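Here is a short report on one protein model. It goes from salt bridges to the sheet, and then to the nonpolar cores.

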Amino acid sequence: MKIALIGFGNMGSAIYRGLLKIVQPGDIYVCDKTSQSGVPKIYSDTSKILNNVDAVVLAVKPQQFAEFADGLKVDLKNKLIISIMAGVSIAKIKKMTGAKRVIRSMPNLAASVGLSLTGWVASKSAKPADKKLVAKIFSSFGSEIELKNENMINSLTALSGSGPAYFFYLT
């Protein structure tokens with residue numbers, strides 16, 4: 001299984017560390033606009049790697065998604081897309097990338113210490129093997145829960161994402 005990780009900020013780097021538990025380092029391709037330490041190689045041009053991967057994890061900020069999608073030179077129709085972007089719906093991801101198999105998720109920053117609770121929902125085109133892979137990925141940096149519908153992500157985010165952040169802010 002070859003995976004592209006698009007974005008290497010706080011969440012992207014936490015996901016990368018989790019992926020290292022389940023995938024060989026040479027099968028993870030990291031794309032980011034800036035060079036960073038701690039990974040074998042960071043690519044700045046996504047088109048160089050997207051043809052050679054099975055799954056793409058979108059760990060970019062939601063406001064950067066349009067720029068990413070506009071710059072796509074690769075057909076993602078047959079790739080599994082796993083999004084951690086807040087507020088970007090499955091329908092929008094499908095429309096802007098051409099992908100059919102999309103997972104929308106919401107991990108939290110506790111992923112950086114392996115304790116995230118990640119809620120996720122799959123598009124109707126996602127295969128059982130896609131769901132199994134996603135559960136394995138999210139379990140590599142915490143716990144995971146498949147949600148029944150996309151609307152439930154907002155409720156889960158309020159509890160598992162914003163709740164701890166608000167607590168730490170007050171502390």
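## A buried arginine and its partner

Arg104 has a relative accessible area of 6%, so it counts as buried. This is a predicted model. Arg104 forms a salt bridge with Glu150, and their closest N and O atoms are 2.9 Å apart. The pair links distant parts of the chain. Arg104 sits in strand 6, while Glu150 sits in the loop between strand 8 and helix 6 (152-170). The two residues are 46 residues apart. Glu150 has a relative accessible area of 22%, so it is partly exposed.

## Other salt bridges

How many salt bridges does a search of the whole structure find? The count is 4. One of them joins the side chains of Asp130 and Arg101, at 2.7 Å from N to O. Asp130 belongs to helix 5 and Arg101 to strand 6, so this pair ties together parts 29 residues apart in sequence. Are Asp130 and Arg101 buried or exposed? Both are buried.

Lys131 forms a salt bridge with Glu146. Here the closest N and O atoms are 3.3 Å apart. Lys131 lies in helix 5 and Glu146 in strand 8, 15 residues apart. Lys131 is partly exposed, at 29% relative accessibility. Glu146 is partly exposed as well, at 39%.

Strand 1 has bridges to two strands, strand 2 and strand 4. It runs parallel to strand 2, with 4 bridges between them. It also runs parallel to strand 4, again with 4 bridges. Ile3 has a bridge partner in each: Ile28 in strand 2 and Ala55 in strand 4. Strand 2 also pairs with strand 3 (residues 42-43), in the parallel sense and over 2 bridges. There, Cys31 stands opposite Tyr43.

## Crossover and helices

From strand 2, Ile28 and Val30 point one way. Tyr29 and Cys31 point the other way. All four are buried. The chain reaches strand 2 from strand 1 through helix 1, and this β-α-β crossover is right-handed.

In soluble globular proteins, nonpolar side chains tend to be buried together. The largest nonpolar core here has 29 residues. Leu5, Ile82, Ile103, Ile137 and Phe138 touch the most other members. Several elements each supply at least two residues of this core, including strand 1 (3-6), helix 1 (10-19), strand 7 (116-122) and helix 5 (128-139).

Ile103 shows the packing in detail. Leaving out residues up to four places away in sequence, Ile103 touches Leu80, Ile81, Ile82, Ser83, Trp120, Val121, Ala122, Ala126, Val134 and Phe138.

Notes: Residues numbered from 1 in each chain as written. Predicted model: local features only at pLDDT ≥ 70, side-chain atom pairs only at ≥ 80, totals over all residues. Heavy atoms only, no water. Core = buried A, V, L, I, M, F, W, Y, C linked by side-chain atoms within 4.5 Å. Buried < 20%, exposed > 50% of the residue type's maximum accessible area, 1.4 Å probe, protein only. Contact = heavy atoms within 4.5 Å. Pairing = 2+ DSSP bridges. Right-handed = clockwise from strand over helix to strand, strands pointing away.
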